[in-house]
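Subject: Structure handover

Hello,

Here is the structure for your files. Please open it before reading on.

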Amino acid sequence: MKTVTRDGLVLSCTLAFAAGYIDAVGFVATGGMFVSFMSGNSTQAGVEFFHDGAAQALLGFGLVLGFLVGVTLAGMFASRIEDHRRDVVGTAALAVAIVAGLELIGWSSPWWYLLVAAAMGSLNTLYLADGRARVAITYATGTLVSVGLGLAALFTGGSKVAWRRPLLLWGSLAVGAVAGAGLQVVHHALSLCVGAAMLFAIATALAARRFQGPVPRWLRGTDAS
């Protein structure tokens, strides 16, 4: 049976909530672009060439590049340090805080969000195995595929619980997006500060090793015998 710790479950879901929150804030701030969903940006940027113009299209491709840079740098860092999660999350928090600070003093620009996209990209290196991201933290397509495959297994006599963990991960991201969009409406400049604070809190918890203990039985990836 594959071992799943509460550490991994709580951390991934908390990060997914923060990512959904920050992505919603970024979506509004950039005029309809994403800071973590690069498939959407790739399509949106192509469409923008014939609608809002080249500037918005270039912003979309810039966000893709920023995300890629974040993944690359964090991946290089991860290959040299055994436990890199605290430092990656802390650096991502700092990047988001810089953009939030610029907005608070009135220097708002959608182009600052390239730095936020890099931060979001870096978070996807927290669960690496064989050179690949085992858990997609900031985007939901692969997670929903896992939900669907888990449901297929449920309906065909396989595992009865495989769909639960990816569904919880997707739900965390979706609820985070609702929270981010809501606070964006209430206070635009403050909303990104809250996202940075979330990441700083997660980095602090990682430093203190607060995520411990076994995963609840009903969320395990295999049926209990």
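Below are notes on helix packing and on one surface patch.

Bear in mind that this is a predicted model.

Helix 4 and helix 8
Start with helix 4, residues 85-104, and helix 8, residues 188-207. Their axes lie 8 Å apart, and the packing angle is about 160°. Angles over 145 degrees count as roughly antiparallel, so helix 4 is roughly antiparallel to helix 8. Their crossing is left-handed. The residues of this contact divide into 20 nonpolar, 3 polar and 3 charged.

Helix 3 and its partners
Helix 3 spans residues 54-78. Look next at how helix 3 packs with helix 2, residues 38-48. The two axes come within 7 Å and cross at roughly 155°. Helix 2 is therefore roughly antiparallel to helix 3. This crossing is left-handed.

Helix 3 also crosses helix 5, residues 113-123. Here the axes come within 7 Å, at an angle of roughly 40°. That makes helix 3 oblique to helix 5. The crossing of helix 3 and helix 5 is right-handed.

Surface patch
Which residues make the nonpolar surface patch? They are Leu 65, Leu 68, Val 69, Leu 73 and Met 76. The patch covers about 480 Å². Leu 68, one of its residues, lies in helix 3.

Best wishes

Notes. Residues are numbered from 1 along each chain as its sequence is written. This is a predicted model: local features need pLDDT of at least 70, side-chain atom pairs count only at pLDDT 80 or more; totals for chains, interfaces and linings use all residues. Side-chain values use heavy atoms; hydrogens and water are left out. Axes are lines fitted to C-alpha atoms, for helices over the stretch in contact, and angles run from 0 to 180 degrees between N-to-C directions. Helices (H or I, at least four residues) and strands (E, at least two) are DSSP runs, numbered from the N terminus. Angles under 35 degrees count as roughly parallel, over 145 as roughly antiparallel, 65 to 115 as roughly perpendicular and the rest as oblique. A crossing is left-handed if the near helix is turned anticlockwise from the far one by less than a right angle, and right-handed if clockwise. Ala, Val, Leu, Ile, Met, Phe, Trp, Tyr, Cys and Pro count as nonpolar, Asp, Glu, Lys and Arg as charged, and the others, Gly among them, as polar. Patches are made of residues with over 30% relative accessible area and no salt bridge: like charges are joined within 9 Å, nonpolar side chains (Val, Leu, Ile, Met, Phe, Trp, Tyr) within 5 Å. Accessible areas come from the Shrake-Rupley method with a 1.4 Å probe; for residues, only the protein chains shown count as cover. A salt bridge is a side-chain nitrogen of Lys or Arg within 4 Å of a carboxyl oxygen of Asp or Glu.
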